[in-house]
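Trainee: Could you walk me through this protein and its ligand, one question at a time?

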Amino acid sequence: ATFEDANGTPLSAIAEAFEELSKSVKSGNSNALQLKPFCEACSLVSVLFGSLGIAFKFAEYEYCSKVRDLVEASEIYGTLHNILDIDVRNDTVKTPGSLSRNLRRVRQGIDLIRALFENFLCSDYFSLKEAASTAYAQVCAPYHTWAVRTAVSAGMCALPTREQLLLKLNETDESAEKEMRRYIKASHPVIEYIDKLYVSRNICLDW
Ligand code: 1PZ
């Protein structure tokens with residue numbers, strides 16, 4: 001199977017996949033989001049890790065193993081909302097390794113990319129390292145242990161430059177801006193939808 005669209009770059013495939021998700025979320029049916037297309041879109045994000053260098057191997061492993069657990073669950077549970085219902089019933093929403101916890105972590109990953117892309121496009125940040133460090137501090141650091149935060153900040157020093165990243169992703173400044181804006185716009189309703197799954201079941205989002 002190929003996930004490439006007309007432009008054929010990894011970023012355009014990610015943008016395309018999230019636009020599809022955002023369409024089903026906006027369709028209004030509150031049970032609308034199926035695990036399978038959600039996981040497929042989230043798997044596409046992992047190509048970005050390949051552009052980050054060896055320092056983020058552990059992040060790749062962490063993220064991909066959580067997406068894989070959700071893929072395996074997709075046959076049985078079908079929708080995101082079923083996953084929450086099962087874990088609420090078993091009181092395992094926040095239990096390490098539970099599907100609802102993995103979903104929360106994957107959601108933080110796609111939000112991290114959203115924040116990174118926003119910073120990348122904002123002229124206040126000169127380097128990829130600055131853009132990524134700020135995005136991480138905003139979205140993920142509050143929920144990570146000291147050990148993880150330390151490893152991440154060490155890894156940031158080994159990030160490629162903006163230009164190297166664009167080259168690896170086969171994008172120009174203009175094409176990357178276009179695809180990143182598509183992703184920012186499309187991921188927003190998806191992230192909001194996932195948050196609502198928790199909040200509507202009286203689960204706060206401070207973890
Ligand atoms: C060009 C892009 C540059 C962006 C660089 C940002 C890299 C951030 C790396 C974050 C590493 C986090 C690693 C480990 C986190 C774990 O503490 C938690 C544990 O969850 P638990 O098992 O306790 O429930 N794991 C996660 O949160 C899984 C997802 C983390 C990775 C998200 C990265 C998303 C994609 C980054 C860009 C490619």
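Predicted model: local features only at pLDDT ≥ 70, side-chain atom pairs only at ≥ 80, totals over all residues.

Trainee: In what kind of site does the ligand sit?
Mentor: Let's begin with the ligand's surroundings. There are 20 residues around the ligand, and the closest include Leu52, Glu62 and Lys66. As for the site itself, the ligand sits in the largest pocket.

Trainee: Which element gives the most residues to the shell around the ligand?
Mentor: Several elements give two or more residues to this shell, namely α3 (47-50), α4 (57-77), α6 (99-121), α7 (128-139) and α8 (146-156). The one that gives the most, with 6 residues, is α6.

Trainee: How far is an oxygen atom of the ligand from an N or O atom in the side chain of Arg101?
Mentor: Arg101 is listed among the residues closest to the ligand. A polar contact needs a pair of N or O atoms within 3.5 Å. For Arg101 and the ligand oxygen, the distance is 2.6 Å.

Trainee: Is Asn102 buried or exposed?
Mentor: First find Asn102 in helix α6. Its side chain makes a polar contact of 3.1 Å with the side chain of Asp69. The cut-off for buried is under 20% relative accessible area. Asn102 has a relative accessible area of 2%, so it is buried.

Trainee: Which residue's backbone oxygen does the side chain of Ser98 reach?
Mentor: Ser98 belongs to the loop between α5 (80-90) and α6. Because its relative accessible area is 9%, Ser98 counts as buried. At 3.2 Å, the side chain of Ser98 reaches the backbone oxygen of Val93.

Trainee: Is Asn170 buried or exposed?
Mentor: Asn170 is in the loop between α9 (162-168) and α10 (173-199). Although not a glycine, Asn170 has a positive phi of about 60 degrees. Exposed means over 50% relative accessible area. With 57% relative accessibility, Asn170 is therefore exposed.

Trainee: What is the relative accessible area of Asn202?
Mentor: You will find Asn202 in the segment after α10. Asn202 is not a glycine, yet its phi is positive, at about 60 degrees. Asn202 counts as exposed because its relative accessible area is 76%.

Trainee: What distance separates the C-alpha atoms of Leu44 and Val88?
Mentor: Leu44 is part of helix α2 (residues 35-44). Its relative accessibility is 12%, so Leu44 counts as buried. Along the chain, Leu44 and Val88 are 44 residues apart, and the separation of their C-alpha atoms is 29 Å.

Conventions: Residues numbered from 1 in each chain as written. Heavy atoms only, no water. Near = heavy atom within 4 Å. Polar contact = N/O pair within 3.5 Å; in protein donor to acceptor, adjacent residues only side chain to side chain. 1 Å grid on protein atoms, 1.4 Å probe; cavity = no way out; pocket = protein on both sides within 12 Å on 5 of 7 lines; lining within 4 Å. Sits in = over half its atoms within 2 Å of the grid points. Helix = DSSP H or I, 4+ residues; strand = E, 2+ residues; numbered from the N terminus. Buried < 20%, exposed > 50% of the residue type's maximum accessible area, 1.4 Å probe, protein only.
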